[in-house]
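Please find below some notes on the model we discussed. They are set out as numbered points, to be read beside the coordinates.

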Amino acid sequence: MMDLLIPDKTHDEGRQGEALMLKAETAKNNGRKLYIESYGCAMNFSDSEIVASILAERGFETTTDYSIADVIFINTCSIRENAEQRVRNRLKEFTVAKVKNPGLVVGVLGCMAERLKSKFLEEEKLVDVVVGPDAYRDLPNLIDRVDDGQKAVNVLLSREETYADISPVRLNSNGINAFVSIMRGCDNMCSFCVVPFTRGRERSRDPLSIVAECRDLFDRGYREVTLLGQNVDSYKYSTTGEDVITTNFANLLELVALINPDLRVRFSTSHPKDITDDVLYAINKYDNICNYIHLPVQSGNSRILDLMNRTYDRDWYINRIDAIRRIIPDCAISTDVITGFCSETDEEHKDTVSMMDYVKYDFAYMFKYSERPGTLAAKRYADDIPEEVKQKRLTEIVAKQQEYSFYRMQARIGRVERVLIEGFSKKSDKDYCGRSDQNAMVIFPVGENYKPGQYVNVLIERSTTATLIGKVVD
Ligand code: 5AD
Ligand code: SF4
């Protein structure tokens with residue numbers, strides 16, 4: 001990895017990249033309205049912005065009110081069974097709307113579309129369109145087909161599609177933070193995970209188009225970008241031709257950080273097997289690359305990690321945590337944990353608990369194992385941990401995480417945090433909220449001298465488990 005280069009004519013080439021981007025605003029309105037709702041990971045939310053852009057090119061305007069929509073899309077998640085159930089329930093509400101308005105087009109996009117393919121049309125008769133994550137460019141044709149009275153399906157996965165040239169229409173945006181997709185798919189084949197089947201092979205997007213998109217966002221007033229991929233650390237893009245230039249994730253982080261020191265850079269998700277010291281040094285080198293890493297552990301036990309096909313063991317994970325602590329002083333770390341994976345014993349579960357004691361995560365997403373059809377685990381191992389045991393283990397780690405979240409928050413009291421103001425706090429328009437460098441939500445009183453999109457220094461006075469509370473100081 002050490003011999004990879006950063007392209008040197010970044011600025012000019014970035015501008016060229018910008019010229020390549022489609023300008024969605026130029027299309028003529030066709031009088032039809034699109035409503036799109038997203039479930040699951042940030043990548044789905046980001047994909048919905050690409051879908052909105054592709055359809056804006058064909059004159060569709062987006063609406064946030066589905067009762068006035070001509071096209072309703074639901075961008076779905078298959079990661080756990082309950083995610084799919086939630087989508088099905090919501091779909092029932094949309095199909096009621098379709099009974100009232102037979103001209104309404106109802107479409108299912110994303111991972112559930114890819115997983116169930118045309119079976120979806122048999123199961124949910126009122127759905128008209130089923131489109132997988134790599135087929136969104138085909139949406140205008142598919143809608144035409146539905147207008148002609150047919151059902152339409154495209155679930156082809158691609159090895160190349162990155163939607164690099166599409167400038168996303170920012171949906172539900174505060175004009176300050178944006179997601180930027182840097183790669184698609186996943187080659188990891190964790191045994192519990194359906195993503196490699198629904199999102200296909202891993203491919204990285206041209207760094208010039210990424211930098212161009214981020215620069216454009218900055219020029220339009222955005223102050224934070226989150227670079228998205230299932231496994232950002234394996235980002236790798238090589239130019240073709242004679243003088244091949246390869247950009248890895250550490251290089252990409254630097255390229256984006258150099259756009260402007262006032263543009264904060266975040267990224268998700270990292271993989272313990274791939275996160276290199278080079279990435280950690282890049283984070284430490286630039287103040288505007290945030291000191292926050294989401295590093296899913298899944299389990300603290302090496303036998304379970306092996307069954308999960310995570311390709312690292314407990315010692316390797318601890319080594320990566322130690323490297324983060326060594327190279328990036330004051331870095332927040334969050335994680336994902338699964339309880340009750342196939343054959344997990346109480347002792348093995350205790351290893352997960354002790355990992356939480358070791359790292360003292362700032363935040364964690366915790367789940368009970370949910371068997372997904374077609375995955376390696378579903379094929380190879382029995383889902384043999386009783387529901388109550390999965391739940392008991394989950395309850396235990398949730399309580400443990402509450403303690404550590406509070407511990408991490410309390411440790412910030414008396415410190416001054418640099419906060420990017422995002423808007424009013426959820427509870428009161430007398431307070432603003434924004435995130436610290438370490439990704440903690442910070443609440444402080446509204447003042448005359450600062451507004452959303454600006455940075456302020458906030459002295460932290462108290463905290464809950466999830467929020468820091470303080471006042472602005474100079
Ligand atoms: N069951 C439970 N949790 C899962 N995840 C992925 N697949 C499953 C599954 N089958 C969790 C992992 C992953 C996160 C996005 O979702 O922790 O990191
Ligand atoms: Fe799923 Fe593993 Fe890929 Fe994450 S890295 S998307 S958990 S297969």
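1. Contact, as the word is used here, means heavy atoms within 4.5 Å. The model is a predicted one. Leaving aside neighbours within four places in sequence, Asn 301 is in contact with Glu 348 and Asp 351. With Asp 351 there is also a polar contact between the side chains, at 2.7 Å. Asn 301 sits in the loop between strand 14 (292-294) and helix 11 (302-307). Its relative accessibility is 8%, so Asn 301 counts as buried, the limit being under 20%.

2. On the division of the chain, the domain assignment gives domain 1 (14-154), domain 2 (177-410) and domain 3 (416-473). Taken over C-alpha atoms, the centres of domain 1 and domain 3 are separated by 36 Å.

3. Ligand 1 has around it Ile 79, Arg 80, Phe 192, Gln 298, Asp 336, Ile 338, Phe 367, Lys 368, Tyr 369, Ser 370 and Arg 372. Which side-chain N or O atoms come within 2.9 Å or 2.6 Å of a ligand oxygen? For Arg 80, the distance from a side-chain N or O atom to an oxygen atom of ligand 1 is 2.9 Å. For Gln 298 the corresponding distance is 2.6 Å. For Asp 336 it is 2.6 Å.

4. The structure holds 39 salt bridges. Side chains of opposite charge can pair when their charged atoms come close. One of these salt bridges joins the side chains of Arg 203 and Asp 134, at 3.0 Å from N to O. Arg 203 belongs to strand 9 (residues 203-204) and Asp 134 to the loop between strand 5 (129-131) and helix 6 (139-147), so the pair ties together parts 69 residues apart in sequence. Are these two residues buried or exposed? Arg 203 and Asp 134 are both buried.

5. A further salt bridge is formed by Glu 224 and Arg 266, whose closest N and O atoms are 3.3 Å apart. This pair links distant parts of the chain, with Glu 224 in strand 10 (residues 224-228) and Arg 266 in strand 13 (residues 264-268), 42 residues apart. Glu 224 and Arg 266 are both buried.

6. Arg 412 and Asp 330 also form a salt bridge, with 2.8 Å between the closest N and O atoms. Here too distant parts of the chain are linked: Arg 412 is in the loop between helix 15 (387-410) and strand 17 (416-424), and Asp 330 is in the loop between helix 12 (314-327) and strand 15 (332-339), 82 residues apart. Arg 412 has a relative accessible area of 13% and is buried, whereas Asp 330, at 34%, is partly exposed. Elsewhere, salt bridges with shared partners join Asp 47, Asp 134, Arg 184, Arg 199 and Arg 203 into one network.

7. Some backbone details deserve a look. The peptide bond joining Ser 268 and Thr 269 is cis, with omega about 5 degrees. Thr 269 lies in the loop between strand 13 and helix 10 (277-285).

8. Lys 117 is not a glycine but has a positive phi, about 50 degrees. Where is Lys 117 found? Lys 117 is in the loop between helix 4 (111-116) and helix 5 (119-123), and its relative accessible area of 37% makes it partly exposed. Lys 360, likewise not a glycine, has a positive phi of about 50 degrees. Lys 360 is in the loop between helix 13 (346-359) and strand 16 (363-368), and counts as partly exposed at 26% relative accessibility.

9. Last, Gly 447 is placed in the loop between strand 19 (441-445) and strand 20 (455-463). At 22% relative accessibility, Gly 447 counts as partly exposed. Gly 447 and Lys 471 are 24 residues apart in sequence, and their C-alpha atoms are 9.8 Å apart in space.

Technical notes
Residues are numbered from 1 along each chain as its sequence is written. Chains are lettered from A and ligands numbered from 1 in the order in which they are written. This is a predicted model: local features need pLDDT of at least 70, side-chain atom pairs count only at pLDDT 80 or more; totals for chains, interfaces and linings use all residues. Side-chain values use heavy atoms; hydrogens and water are left out. A salt bridge is a side-chain nitrogen of Lys or Arg within 4 Å of a carboxyl oxygen of Asp or Glu. Helices (H or I, at least four residues) and strands (E, at least two) are DSSP runs, numbered from the N terminus. Buried means under 20% relative accessible area, exposed over 50%, partly exposed in between (1.4 Å probe, protein chains only). A polar contact is a pair of N or O atoms within 3.5 Å; within protein, one must be able to donate a hydrogen and the other to accept it, and residues adjacent in sequence count only if both atoms are side-chain atoms. Domain bounds come from an automatic or database domain assignment. A residue is near a molecule or strand if one of its heavy atoms lies within 4 Å of it.
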